[in-house]
Amino acid sequence: IISRSPKVLFSVPKRKFKRAVDRNLIKRRLKEAYRLHKKLLSSNHDLNIAFLYTAKEILGYRKIENSMQQLVSEI
């Protein structure tokens, strides 16, 4: 069996965060949190995952990391 890493999409809405700097900051935080916790995923499946940022404000990294850890462990 070939071990494949899942394909991942990170999306931050332009409607809520007008400035690209803010969207990029959130995406960087999401990507780093995912990178640290992706080992929790089983690599037996061919997965496509989309993370949609729905908060109305910019959350701190710790909050994003805790949420990401919960999400990845549920997948």
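# Core and ring pairs in a predicted model

Student: What's in the largest nonpolar core?
Tutor: The largest nonpolar core of this predicted model has 15 residues. Leu-30, Tyr-34, Phe-51, Tyr-53 and Met-68 have the most contacts inside it.

Student: Which elements supply at least two residues of this core?
Tutor: Helix H1, strand E2 and helix H2, which covers 61–74, each do. The largest share comes from H1, with four residues.

Student: Back up a bit. How many helices and strands are there in the protein?
Tutor: Two helices and two strands. Along the sequence they follow the pattern β-α-β-α.

Student: And in what sense do E1 and E2 pair?
Tutor: Strand E1, residues 7–11, pairs with E2 in the parallel sense, over five bridges.

Student: Which residues of E2 are on the covered face?
Tutor: Ile-49 and Phe-51. The uncovered face of E2, a strand that runs over residues 48–52, has Asn-48, Ala-50 and Leu-52.

Student: Okay, rings. How many aromatic pairs does a search of the whole structure find?
Tutor: Four. In one of them, Phe-10 and Tyr-34 have ring centres 6.0 Å apart and planes at 70 degrees, so that pair is edge-to-face.

Student: Which parts does that pair tie together?
Tutor: Phe-10 lies in strand E1 and Tyr-34 in helix H1, residues 20–37, so the pair ties together parts that are 24 residues apart in sequence.

Student: Is Phe-10 buried or exposed?
Tutor: Phe-10 counts as buried, because its relative accessibility is 15% and the cut-off for buried is under 20%. Tyr-34 counts as buried too, at 9%.

Student: What about the pair of Tyr-34 and Phe-51, what kind is it?
Tutor: That aromatic pair is tilted, with 5.9 Å from centre to centre and 55 degrees between the planes. Tyr-34 is in helix H1 and Phe-51 in strand E2, so here the parts tied together are 17 residues apart in sequence. Tyr-34 and Phe-51 are both buried.

Student: Which residues do the ring pairs link into a cluster?
Tutor: Phe-10, Tyr-34 and Phe-51.

Student: What else is Tyr-34 in contact with?
Tutor: Leaving aside neighbours within four places in sequence, Tyr-34 is in contact with Pro-6, Val-8, Phe-10, Leu-41, Phe-51, Met-68 and Val-72.

Student: New topic: Glu-65. Where is it found?
Tutor: Glu-65 is in helix H2. With a relative accessible area of 13%, Glu-65 is buried.

Student: Which side chain does Glu-65 join in a polar contact?
Tutor: That of His-37, at 3.3 Å. Apart from neighbours within four places in sequence, Glu-65 is in contact with Ala-33, Leu-36 and His-37.

Student: Now the whole protein. What does its C-alpha trace span?
Tutor: About 45 × 20 × 15 Å along the principal axes. The accessible surface of the protein comes to about 5,800 Å², and carbon and sulfur atoms account for 51% of that.

Student: What share of the residues is buried?
Tutor: Buried residues make up 25% of the 75 in the protein.

Student: Last one: what share of the contacts with a separation of 6 or more is between residues 24 or more positions apart?
Tutor: Such residues account for 76% of those contacts.

Conventions: Residues numbered from 1 in each chain as written. Predicted model: local features only at pLDDT ≥ 70, side-chain atom pairs only at ≥ 80, totals over all residues. Heavy atoms only, no water. Buried < 20%, exposed > 50% of the residue type's maximum accessible area, 1.4 Å probe, protein only. Pairing = 2+ DSSP bridges. Phe/Tyr/Trp six-rings, centres within 6.5 Å; stacked < 30°, edge-to-face > 60°. Core = buried A, V, L, I, M, F, W, Y, C linked by side-chain atoms within 4.5 Å. Contact = heavy atoms within 4.5 Å. Polar contact = N/O pair within 3.5 Å; in protein donor to acceptor, adjacent residues only side chain to side chain. Areas by Shrake-Rupley, 256 points an atom, 1.4 Å probe, with all protein chains shown as cover.
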